[in-house]
Amino acid sequence: MSKAKAAPPPGCTININDPQVQEAAIQIQASYRGHRSRKELREKGPPKILQELKDVVLVEGSAAKLECRVSAFPDPFIVWYKNGKELNDGPKYRYVFEDPDFVALVVRDGVLADLGKYTVTIKNPFGQTSGSACILVEVPAKVSKGPDNIKAKRGTTVVLKAEISGEPPPDVEGLQSEGRLVFFDVGDTNTILTIKNAKVSDAGKYEVFVENNLGTDQSFARVDIL
């Protein structure tokens with residue numbers, strides 16, 4: 001004796017005679033035919049870039065996305081490069097394909113070393129094309145290593161050196177403990193204060209301040225003149 005079929009849960013049946021159901025079916029069929037027709041009508045040929053890559057700003061610690069709109073049939077082979085070196089798809093650099101026409105590269109965990117020119121090449125059996133843009137990296141101003149405390153004899157030369165970083169390059173300012181401004185020579189990655197013919201009055205606390213549009217930082221050292 002055969003078992004009776006269990007009734008479907010409420011709301012899980014479709015009445016094919018319902019006018020709304022019939023209308024939905026017609027729209028689905030029309031949509032499918034339109035998609036198939038568009039695919040069949042696409043002409044084979046070399047890839048074209050319809051929307052160029054644009055420069056983007058990457059803030060340290062965040063992610064950036066480069067993207068462009070392309071036209072290619074058959075589907076193309078995509079490769080991304082940084083300063084001429086091929087980038088592998090992985091945790092750091094993520095290839096993204098946003099159907100049907102967009103390709104993108106996501107750069108994660110931004111650092112200053114990500115600054116550079118990025119190029120995408122798009123290739124199929126009929127040819128290839130490419131486009132480029134730059135990632136500009138912004139890093140908060142920072143004193144990476146502050147100056148060392150120094151004890152020196154009168155009449156000698158005292159040098160205070162601090163290592164700094166930041167993009168855009170930070171402004172640098174110095175203060176002596178008595179509130180007197182002091183001027184540091186600023187390089188790409190360091191800043192130096194030179195005190196020639198040191199006197200007792202040069203003793204005290206010296207502070208270095210760095211600042212750019214993303215932040216500020218400071219450090220200090222003690223100078224004793226014996």
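In this report two strands count as paired if DSSP finds at least two bridges between them. The model described here is predicted.

## Confidence

Mean pLDDT over the protein chain is 86, and 82% of its residues score at least 70. Among the elements of the chain, strand β5, residues 85–86, has the highest mean, 96. The lowest mean, 56, belongs to helix α1, which covers residues 19–41.

Within residues 32–38 pLDDT stays under 50. The model has zero contacts beyond four places in sequence for this stretch. Where pLDDT is low, predicted coordinates should not be read in detail.

Strands of a sheet pair through backbone hydrogen bonds, in a parallel or an antiparallel sense.

Strand β7 (residues 102–107) pairs with β3 (residues 64–73) in the antiparallel sense through six bridges. Here E67 has A104 of β7 as its bridge partner. Strands β6 and β7 also run antiparallel, and six bridges join them. A hairpin of three residues leads from β6 to β7, and E98 stands opposite F102 in β7.

## The five-stranded sheet

A further open sheet contains five strands, ordered β10-β17-β16-β12-β13, and its pairing is mixed. The edge positions are held by β10 (150–152) and β13 (181–182), each pairing on one side only.

Strands β16 (residues 204–212) and β17 (residues 215–225) are antiparallel to each other and share nine bridges. Across this pair, V210 stands opposite D217 in β17.

## Second largest pocket

The second largest pocket holds about 170 Å³ of space. Its lining consists of L112, I164, S165, G166, E167, P169, P170, V186, G187, D188 and T189. By class, five of the lining residues are nonpolar, four are polar and two are charged.

Strand β11, residues 158–167, gives the most to this lining, with four residues. E167, one of the lining residues, also takes part in a cis peptide bond, described below.

## Backbone geometry

Most peptide bonds are trans, and most residues other than glycine have a negative phi. The model departs from this pattern at the positions listed here.

- F73 and P74 are joined by a cis peptide bond with omega of about 0 degrees. P74 is found in the loop between β3 and β4 (77–82).
- The bond from E167 to P168 is cis as well, with omega near 5 degrees. P168 has its place in the loop between β11 and β12 (171–176).
- N83, a residue other than glycine, has a positive phi, near 50 degrees. The loop between β4 and β5 contains N83.

Technical notes
Residues numbered from 1 in each chain as written. Predicted model: local features only at pLDDT ≥ 70, side-chain atom pairs only at ≥ 80, totals over all residues. Heavy atoms only, no water. pLDDT = per-residue confidence, 0-100. Helix = DSSP H or I, 4+ residues; strand = E, 2+ residues; numbered from the N terminus. Contact = heavy atoms within 4.5 Å. 1 Å grid on protein atoms, 1.4 Å probe; cavity = no way out; pocket = protein on both sides within 12 Å on 5 of 7 lines; lining within 4 Å. Points joined across faces, edges and corners; volume = space filled by probe spheres on them. Nonpolar A, V, L, I, M, F, W, Y, C, P; charged D, E, K, R; others polar.
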